[in-house]
Amino acid sequence: MKTLDRISEDWVLATEIHKLESRLWRSTRKEGIKIVLVSSPNRGEGKSTTVAYLASALALHPERRILAADFDFRDPQLNAHFEVPVERTLGDAIGGECRLQDAILKTELPSLDLALPNQKGEDPGLLLRTRECSLTIEYFREHYDLVLIDVPALLPVADAAVLLPFVDGVILVTMAGRTTKPALRRAREICLGMGVRILGLVVGNLKEALPEHGGGRYYEYYKRKKEKGEGSSEGDAGGDRQARFRPEGAAGQSGDASWGPKLGGRGKRGKKPIAVTRNLDRLAGSQ
Ligand SMILES: Nc1ncnc2c1ncn2[C@@H]1O[C@H](COP(=O)(O)OP(=O)(O)OP(=O)(O)O)[C@@H](O)[C@H]1O
Ligand SMILES: [Mg+2]
């Protein structure tokens, strides 16, 4: 599986993904969250890549039941990270051509299942509004511990917004150097306006866009610490990185110290964000 190969080859990526995975898992267990939508303000900001890596990391624990579901009927890309043979699809199941359980695909990881849309043919606007679609998500809720849903971006089309009433929270994915602050603010408003909590923010591409704050610098620091025999735990590393990254903001928001915490801040349920990570440069092999 491509994602697992990369996670095991690259320990910086592994550290970031596992940090995100463990925060998400812990918080969702505590708060009974099961269905998490992963979206971004605009296209091409790293949603599918984040879902693929995060789901793989979550499923490294054999006792969990994890589902990665691609609800991007316009341009499905999730399976590019898994390359599983597709016989039946979500579109078939929602359209009544097969049973939902027959559209669930197995991966190399026993804990991770996939659900994929048809390559083309459906009108997502109609399909996502059907009762069958909401029943599908309820089926997932009953049969899995945690479901990550990959959807189109929030601003250009309404697909993600149509699914918001059925999910427990949203992770917003942004790409440093590309995502703009007004776009992120608008995406945030859409989620909070529907009463859906923003669980966290993932910022990718920091190394490319902000090299002075990106993985390279942290990597050097961590290497020095390791050579001195200090700080080999995730807690140490994460703690330092948080302190180092917090004041700068991200995605070109330099200097706006309160931006990160405010973003996830006050959904309907008034909770703080739980899964923020700012250093996923290596996720897509961009180094
Ligand atoms: N963290 C990251 N750092 C650098 N590049 C990334 C990162 N995540 C994804 N990419 C790259 O960005 C491009 C888009 O990624 P991806 O397909 O995951 O985005 P998406 O938001 O799902 O796009 P779409 O809106 O078209 O569905 C790909 O070329 C991918 O390799
Ligand atoms: Mg995508």
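## Helices H1 and H3

Helix H1, residues 2-9, packs against H3 at an angle of about 75°, and the two axes sit 9 Å apart. With 65 to 115 degrees counted as roughly perpendicular, H1 and H3 are therefore roughly perpendicular to each other. Keep in mind that this is a predicted model.

Who touches whom here? On the H1 side you'll find Thr 3, Leu 4 and Ile 7, and they meet Ala 52, Tyr 53, Ser 56 and Ala 57 in H3. Sorted by class, the residues of this H1-H3 contact come out as five nonpolar and two polar, with no charged ones.

## Helices H2 and H3

H3 (residues 47-58) also packs with helix H2 (residues 11-31), this time at an angle of about 70° and with the axes 9 Å apart. That angle makes H2 roughly perpendicular to H3. As for handedness, the crossing of H2 past H3 is right-handed.

From H2, the residues making the contact are Ile 17, His 18, Leu 20, Glu 21 and Trp 25, while H3 brings in Tyr 53, Leu 54, Ala 57 and Leu 58. By class, this H2-H3 contact holds seven nonpolar residues, one polar and one charged. Tyr 53 and Ala 57 of H3 turn up in the contact with H2, and they also turn up in the contact with H1.

## Leu 201 in strand S7

On to a strand: Leu 201 belongs to S7, which covers residues 198-204. Is Leu 201 buried or exposed? The cut-off for buried is 20 or more other C-beta atoms within 10 Å, and Leu 201 has 25 of them, so it is buried.

## The loop between S2 and H4

Between strand S2 (66-70) and helix H4 (90-94) runs a loop, and Glu 83 has its place there. Its backbone is worth a look. Most residues other than glycine have a negative phi. The phi of Glu 83, though, is near 55°, a positive value in a non-glycine residue. Glu 83 has 10 other C-beta atoms within 10 Å, so it counts as exposed.

Gln 77 is found in the loop between S2 and H4 too. With 15 other C-beta atoms within 10 Å, Gln 77 is partly exposed. If you set aside neighbours within four places in sequence, Gln 77 is in contact with Ser 48 and Asp 72. Pro 117 is 40 residues from Gln 77 along the chain, and their C-alpha atoms are separated by 9.8 Å.

## The chain overall

Stepping back, the chain has 12 helices and seven strands. Of its 287 residues, 47% are buried. Take the contacts with a separation of 6 or more: 79% of them are between residues 24 or more positions apart.

## Confidence

How far does the predictor's confidence go? The mean pLDDT of the chain is 77, and 71% of the residues reach 70 or more. Residues 214-224 stay under 50, and for them the model has 17 contacts beyond four places in sequence. Over residues 230-274 the pLDDT is below 50 as well, and that stretch has 68 contacts in the model beyond near neighbours in sequence.

Note on methods
Residues numbered from 1 in each chain as written. Chains lettered and ligands numbered in written order. Predicted model: local features only at pLDDT ≥ 70, side-chain atom pairs only at ≥ 80, totals over all residues. pLDDT = per-residue confidence, 0-100. Contact = placed C-beta atoms within 7 Å. Axes fitted to C-alpha atoms, helices over the stretch in contact; angles between N-to-C directions. Helix = DSSP H or I, 4+ residues; strand = E, 2+ residues; numbered from the N terminus. Parallel < 35°, antiparallel > 145°, perpendicular 65-115°, else oblique. Left-handed = near helix turned anticlockwise from the far one by under 90°. Nonpolar A, V, L, I, M, F, W, Y, C, P; charged D, E, K, R; others polar. Buried ≥ 20, exposed ≤ 12 C-beta atoms within 10 Å, placed from the backbone.
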